[in-house]
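Keep the 3D view open as you read.

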Amino acid sequence: MGHLDMSTKSLAYSNLVGVSAMGTACGGMGTRVVASNADGSILYKKVDPGQGAPCGSKMPLGLTPLTEDQANEIESWINAGAMND
């Protein structure tokens, strides 16, 4: 598994920003969230409805895909520096 624990805000942040992707499908494929670079962030690529997942499955797994607006919000947060706020 990818070991992505997002059960609390603090854990989600510390497990996403600047952390290398893990698991059999995405391990070694890049960084989950690259601050200020949504296009270089695996997380953004996996939630963006306009592109396929670069590895593993689209997120959220087994749920309705994010809307374009939701993906844009994540993109904006990452491109603004992925601040822990």
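**The core and a helix beside it**

In this predicted model, the largest nonpolar core is made of nine residues: Leu 16, Val 33, Ala 38, Leu 43, Tyr 44, Val 47, Ala 71, Ile 78 and Ala 82. A nonpolar core is a set of buried Ala, Val, Leu, Ile, Met, Phe, Trp, Tyr and Cys residues joined through side-chain atoms within 4.5 Å, and buried means under 20% relative accessible area, with a 1.4 Å probe and protein chains only. Helix 3 (42-47) and helix 4 each give two or more residues to this core, and the largest share, three residues, comes from helix 3. Helices here are DSSP runs of H or I with at least four residues, numbered from the N terminus.

Leaving aside neighbours within four places in sequence, Ala 82 is in contact (heavy atoms within 4.5 Å) with Tyr 13, Val 17, Val 33, Ala 35 and Trp 77.

Which residues of helix 1 (residues 9-16) are buried? They are Ala 12, Asn 15 and Leu 16. These three lie on the same side of helix 1, because they cover an arc of only 95° around the axis, taken from the directions from the helix axis to the C-beta atoms. Helix 3 is part of what covers them. Just after helix 1, Gly 18 has a positive phi of about 75°.

How confident is the predictor? The chain averages a pLDDT (confidence in each residue, from 0 to 100) of 94, and 96% of the residues score at least 70.

Residues are numbered from 1 along each chain as its sequence is written. Local features need pLDDT of at least 70, side-chain atom pairs count only at pLDDT 80 or more, totals for chains, interfaces and linings use all residues, and side-chain values use heavy atoms, leaving out hydrogens and water.

Technical notes:
pLDDT = per-residue confidence, 0-100. Buried < 20%, exposed > 50% of the residue type's maximum accessible area, 1.4 Å probe, protein only.
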